[in-house]
Amino acid sequence: MMLSDRTLNRTLLARQHLLARSRLTVHEMCDHLIGLQAQDSPPPFVGLWSRLVDFDPTVVSNALEDRSLARITLMRGTIHMVTPPDALRIAPHVQPELEKIPFRKGFNYGAMVGLDPDEVRAHGERVLGDEPMSAAELRLRAAELYPDRDPGAVVQTWLYQLPVLQTPPRGTWKNSSRPIWSRVEPWLGAPLDPSYPLAELLVRYLRAFGPASTMDMQTWSKLLGMKQAIDQLGDRVRTYTDERGRTLYDTADGELADPELPAPVRLLGWYDNAVLSHQDRTRIVPDGNAPRLRAFAAAVAPVLVDGYLAGLYKIFPESGTARLRISPTRKWTRAERAEVEAEAHALLAFMEADREPRVEILDVDADLRP
């Protein structure tokens, strides 16, 4: 059976809870999505606001404080906000690939080449120990142990080699303070679980992002062995083809959405996984190319109109006001423009409640900078 791009679009939005806000709890949504992208502090809050009814950001802050949520390096070597069980069972899949990165010639201009990885890791384990430590403290210890190396590169190496997470207050509501790092096991009070099958992780990926190709799965996870893992699932998965003839996998009981369902405007957080978790992004980005990550790094985020990326926005908090500037990537109808404006005001009321809101819709492809 061939699936149209529009069917894939509406199915992705349904599985991402972007067609209608959900009454799942914060923890249930994090489990379903296999975490929310969290390199910066605001995006998980925007992602949950876009997906949940009556989302209260203090729930996230409290969960990070009581350790029922964690911000940890996982898929694609990036920070995700996940529940502790996912932190403990996904990290063993990701860790072997992360540990290879620092000793490649391209890492920090070869800063670690020639050092024994096992020795470096052992030093890192002793330095970080069981208590959280700031990057500044880690750099001081790295300079003592490796006076002829760049201490920043040594610290980065430790953060790749050791399963680590970022502790509060960074990541709580309105807090973008510098990271403080902890090893995963002492912070969560439990050992890593290397027994969790990759195939089970891919079933969950399909429930949140499918139907999808094995290359989509690899793009999302940056792990290898997708086809072998999928083959292990047997009749728990079924196959489709897309408009370009590629094989897509889905759970056997996965429901496809009606391609004619209306899709409300959504303003996502920068780095939102709905946009970044497929190799072929035509199901949500019309030309198949998401904005460059360096745009997201500047806190530029996607606007979905009729289910597809149709603009970018950025919030500029200023003295007494908060401006949300939007750059459409295509012409909008009058109705679309009105819906975008209403959702933008709703987001400002959530993100910047103590400032006067101002929404500015610019010309197509205009520069978002003021």
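**Note on aromatic pairs and overall form**

1. The structure holds 9 aromatic pairs, where a pair means rings of Phe, Tyr or Trp (its six-membered ring) with centres within 6.5 Å, and planes under 30 degrees apart count as stacked, over 60 as edge-to-face and the rest as tilted. This is a predicted model, in which local features need pLDDT of at least 70 and side-chain atom pairs count only at pLDDT 80 or more, while totals for chains, interfaces and linings use all residues. Residues are numbered from 1 along each chain as its sequence is written, and side-chain values use heavy atoms, with hydrogens and water left out.

2. The rings of F107 and Y160 have planes at 75 degrees and centres 6.1 Å apart, so this pair is edge-to-face. Because F107 lies in the loop between α5 (84–100) and α6 (117–128) and Y160 in helix α8 (residues 151–161), the pair ties together parts that are 53 residues apart in sequence. F107 counts as buried at 8% relative accessibility, whereas Y160, with a relative accessible area of 22%, is partly exposed; buried means under 20% relative accessible area, exposed over 50% and partly exposed in between, with a 1.4 Å probe and protein chains only.

3. Y205 and W220 form a tilted aromatic pair, with 4.9 Å centre to centre and 35 degrees between the planes. Y205 belongs to helix α10 (residues 198–209) and W220 to helix α11 (residues 214–221), so the pair ties together parts that are 15 residues apart in sequence. Y205 counts as buried, at 0% relative accessibility, and W220 counts as buried at 0% as well.

4. One aromatic cluster is formed by F45, W49, F55, W173 and F350.

5. Turning to the whole chain, its secondary structure comes to 15 helices and 13 strands, taken as DSSP runs (helices H or I, at least four residues; strands E, at least two) numbered from the N terminus. The radius of gyration is 21 Å, which agrees with the value near 21 Å that a compact globule of 370 residues would have; the radius is taken over C-alpha atoms, and the globule rule is 2.2 Å times the number of residues to the power 0.38. The C-alpha atoms fill a box of roughly 65 × 60 × 40 Å along the principal axes.

6. Buried residues make up 54% of the 370 residues. Of the contacts (heavy atoms within 4.5 Å) with a separation of 6 or more, 66% are between residues 24 or more positions apart.
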